[in-house]
Structure formats: C-alpha cells, structure tokens
Amino acid sequence: MGTQESDEQTGGTGRRALLGAAVLGAGGAVLGLPGTARAADPRHGGGRGSGVKGLPVPTVIGHRGASGHRPEHTFGAYELALDMGADIVEAGDLVPTKDGHLVCRHEPEIGGTTDVADHPEFADRKRTKLLDGVSTTGWFTEDFTLAELKTLRATERIPANRPHNTLYDGRWEIPTFEEVLRWQNEQTRKRGKQVWIYPELKHPTYFRKLGLGTEERLARLLRKYGKDRKNSPVIIQSFEPTSIQRMNRLVGNPLAVLLSGAKSRPWDFVENGDPRTTADLITPEGLKEIASYAQGIGPTLDLIIPKDSAGRLTEPTTLVRDAHRAGLILHPYTMRNENPFLPADFRKGSEPDAYGDVFGAFRAYFATGIDGVFTDHPDTGVLAREDFVNS
Ligand code: G3P
Ligand code: CA
C-alpha cells in the first residue's frame with residue numbers, strides 16, 4: 001500500500017542556502033562543527049537572520065494545532081498552539097471542496113472529525129471510495145461545496161485517548177486555508193511576533209485525477225497574500241515528492257518531503273510506476289535528489305530511532321547525519337503525550353488516555369540532532385526543548 005498518511009494512523013540552491021543555518025544548528029552539533037549549535041540556540045534568541053533560519057532549534061511545530069488539547073484543525077487548536085509557544089502551526093492539512101476551495105482537514109473523509117453524520121440532509125452523500133488504494137467509507141470534502149461544509153462543526157477524532165477534548169465538540173467550523181492566511185496576519189499583528197504555518201498537501205495525485213489539482217490553488221493563495229517567497233513564513237509539506245517538485249516550480253517557499261515507513265511507497269510513485277520506496281529516498285543518493293528541489297524532510301520518528309518488536313527504542317539510524325550532509329533539515333512526526341503513542345519504554349501504566357514520560361522520549365529524539373518536531377502537545381514540546389538546550 002502506498003502511504004500519504006503517517007504510519008501511526010493507520011527553488012533550488014538559494015533556498016537550500018537559506019536553511020543552511022538551521023542545518024548547522026542542531027545538525028552542526030551532531031557533525032561536531034564548532035560554534036554552530038549556539039547560532040540556533042533559543043537561549044540566544046533563536047536562529048539568526050530571516051526565514052527558517054530565524055526559528056528556534058529544535059523547532060516546536062503544533063501538529064494540526066494543539067490537537068492534544070482541542071479538536072484538530074480548528075482555530076481553537078491553532079490559537080492554543082500559539083498560546084502554548086509553538087514556533088510553527090501546522091495549519092492545515094489541505095484538501096479541496098467540490099467548488100475548489102482548500103479547507104483544513106487531515107483527509108478528505110470527514111466522518112471522523114466532524115458532525116456530518118448528524119446531518120440528515122447529507123445522509124445520501126455517504127460513499128465508499130478507493131483512496132490511494134484503500135477502500136474508504138464516509139463523507140468526502142470533494143462532494144461538498146464550501147457553503148455546505150461550513151454548516152458542519154469539528155469534533156474530536158480520538159475521544160478514547162482525549163476524552164476532555166470532546167468538551168469542545170461542535171464549537172468550531174472547518175477553516176479554509178484563505179481564512180488561515182488572514183488569521184496568520186492577524187495573529188502576527190496581535191502577538192507582535194511573526195506567526196509561521198506549515199500546510200500539507202494531502203493526496204495531491206488523488207485530487208488531480210478528480211480535476212481538483214491542489215498545488216496551483218495553494219500557489220495562487222500564497223501569491224494573493226504575498227507569501228510565496230523563500231523568506232515567507234510558510235513551509236509546505238507533502239508525502240508525494242512529485243507534488244513538492246510541482247510546488248518548487250510554482251513558488252519560492254521552503255519545502256519538505258514527508259517520509260512514511262521504510263517499506264512504504266509514495267502514492268504518486270505507485271501511480272507513475274516509479275518503483276522506489278522510502279528506503280530508497282533516505283539513501284545518501286535519494287536525499288541528494290530531494291535536496292535538489294526541497295529544503296527539508298519530515299520523516300516518521302521510527303526512521304530516526306527504530307523500535308524493537310516490543311515497541312522500545314533501539315539505536316538511532318544515520319538519517320539525521322545523512323540528511324544534514326545533503327543540506328536538508330529534519331522535522332519528524334509526531335510526538336504525543338498519551339501512552340499508546342509513546343515508545344513502550346516511556347509509557348506509564350496502560351490507560352489509553354494517560355500521559356507517559358513524554359519528556360524522556362523528547363530527550364531521546366532531540367539528542368539525535370533533529371531540527372524540530374511535530375507535536376500534538378506544544379506545551380510539553382516547548383518545555384522539553386528548554387530542558388534540552390539548558391542541559
Ligand atoms: O505533517 C507531518 C505529519 O503531520 C504527517 O503526518 O498523517 O499527521 O499528516 P499526518
Ligand atoms: Ca500533516
């Protein structure tokens with residue numbers, strides 16, 4: 001099966017140079033380069049200069065907002081991520097509506113994160129579709145106009161792990177990406193500090209085949225709001241390398257290729273007959289090729305430190321070193337406080353909604369030299385970063 005999702009749930013040279021300082025931040029320390037860790041040390045005001053290199057390292061990225069505390073991809077979750085000190089907010093995962101608007105949902109199917117099932121007027125929209133080779137049943141954004149989607153309200157995806165978040169079910173609507181761009185401006189003004197976002201193009205090949213190509217739509221919006229340049233506070237990510245290559249031709253923003261498990265194959269590769277797997281992409285040659293059109297990678301954490309058969313952390317791979325040597329920064333995904341999402345050696349008890357020793361897990365991952373991390377709990381991510389830079 002090709003993957004566009006994380007395992008746990010189921011131009012060019014100028015821009016490479018731009019990210020160089022970030023690479024030399026955490027990465028330089030790992031490579032033993034003198035004086036480089038200090039340049040990106042938050043104790044010294046974060047990285048130096050403009051663009052990505054001005055961000056603190058390790059960078060704390062609010063995954064779908066502060067989704068450990070509020071239903072994901074809502075302005076409630078996005079705003080809380082900023083309140084908690086996230087350096088970047090993943091706002092959002094992007095999927096299109098029937099009438100071509102980009103909205104913030106993790107996947108096109110919205111039965112798991114909205115109250116659509118409670119809307120009798122949409123009962124006949126329920127479908128079973130093949131989504132990147134996987135039979136999926138539910139309600140799909142591409143079958144709704146934006147006006148129709150706006151009548152829905154967001155709900156908690158994993159109430160068994162996050163019962164408290166259900167308190168907020170029904171409070172927020174589905175944001176559009178255009179609203180996010182305006183919100184970013186408002187929040188930047190209000191907080192007196194540049195707010196960064198990290199949108200992800202979801203299932204771009206699937207949507208292109210439906211006549212709803214998402215890259216051009218994203219590029220148009222970025223241009224409209226003057227956020228399409230190499231120093232713009234918007235990093236773009238996708239699990240499909242050819243989608244990032246397309247973005248590289250359309251805009252100047254920093255770009256990141258997401259990487260799922262080593263045996264997985266990006267869905268665009270499956271569709272195009274490219275036989276390579278993630279294992280091929282993370283070889284020094286594969287990373288060098290990625291660095292010709294992107295500035296970073298977003299690997300699943302297991303590619304940084306694999307787990308044994310009992311789910312305990314083993315030894316780090318060479319991916320951090322190899323990616324840094326290729327000039328790429330690494331923002332792996334995803335840190336979460338709750339037991340089931342932590343390596344077995346950091347769990348406390350077995351309750352699915354209880355927190356484990358997430359600070360211990362952060363320590364292990366930060367020690368590898370990663371440049372940042374996606375986390376559902378930016379508050380613990382910020383404290384863990386503080387511990388790390390002060391240790
Ligand atoms: O974008 C990083 C991470 O979000 C990738 O995983 O499936 O949560 O979008 P996913
Ligand atoms: Ca994502």
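Me: Which residue takes a positive phi in the hairpin of β4 and β5, and how many residues stand between the strands?

Reply: In that hairpin it is Gly 100, whose phi is near 85 degrees, and five residues stand between the two strands. The structure is a predicted model, in which local features need pLDDT of at least 70 and side-chain atom pairs count only at pLDDT 80 or more, while totals for chains, interfaces and linings use all residues. Residues are numbered from 1 along each chain as its sequence is written, and chains are lettered from A and ligands numbered from 1 in the order in which they are written.

Me: What makes β4 and β5 a pair, and in which sense do they run?

Reply: Strands here are DSSP runs of E with at least two residues, and helices are DSSP runs of H or I with at least four residues, both numbered from the N terminus. Two strands count as a pair if DSSP finds at least two bridges between them. β4 and β5 (residues 102-104) are joined by three bridges in the antiparallel sense, so they meet that requirement. Within this pairing, Leu 94 is placed opposite Cys 104 in β5.

Me: Which way do the residues of strand β4 point, and are they buried or exposed?

Reply: From β4 (residues 93-96), Asp 93 and Val 95 point one way, whereas Leu 94 and Pro 96 point the other way, and all are buried. In a regular strand, side chains alternate between the two faces of the sheet.

Me: Why are β5 and β14 said to stand at the edges?

Reply: Seven strands form an open sheet of mixed pairing, in the order β5-β4-β9-β10-β11-β13-β14. β5 and β14 each have a single partner strand, so one side of each is left without a neighbour in the sheet. At the β14 end, strand β13 (residues 296-299) runs parallel to β14 and is joined to it by two bridges, with Gly 296 opposite Ile 329.

Me: How does helix α8 run relative to β5, and which strands does it lie across?

Reply: Helix α8 (residues 215-224) lies across β4, β5 and β9, and runs at about 90 degrees to β5. Such angles are taken between N-to-C directions, on a scale from 0 to 180 degrees, using axes that are lines fitted to C-alpha atoms, for helices over the stretch in contact. Residues are in contact if their C-beta atoms, placed from the backbone, lie within 7 Å.

Me: Why does Gly 62 count as buried?

Reply: A residue is buried if 20 or more other C-beta atoms lie within 10 Å of its own, exposed if 12 or fewer do, and partly exposed in between, with C-beta atoms placed from the backbone. Gly 62, in strand β2, has 33 such neighbours and therefore counts as buried. Its C-alpha atom is separated by 5.5 Å from that of Thr 375, 313 residues apart along the chain.

Me: Why is Leu 130 called exposed?

Reply: Leu 130, in strand β6, has 9 other C-beta atoms within 10 Å and is therefore exposed.

Me: What is the phi of Arg 64, and is the residue buried or exposed?

Reply: Arg 64 has a positive phi of about 60 degrees although it is not a glycine. Most residues other than glycine have a negative phi. With 28 other C-beta atoms within 10 Å, Arg 64 is buried; its place is the loop between β2 and α4 (75-83).

Me: What joins Val 57 and Pro 58?

Reply: A cis peptide bond joins them, with omega about 0 degrees, and Pro 58 lies in the loop between α3 (36-39) and β2 (59-62).

Definitions and conventions: Contact = placed C-beta atoms within 7 Å.
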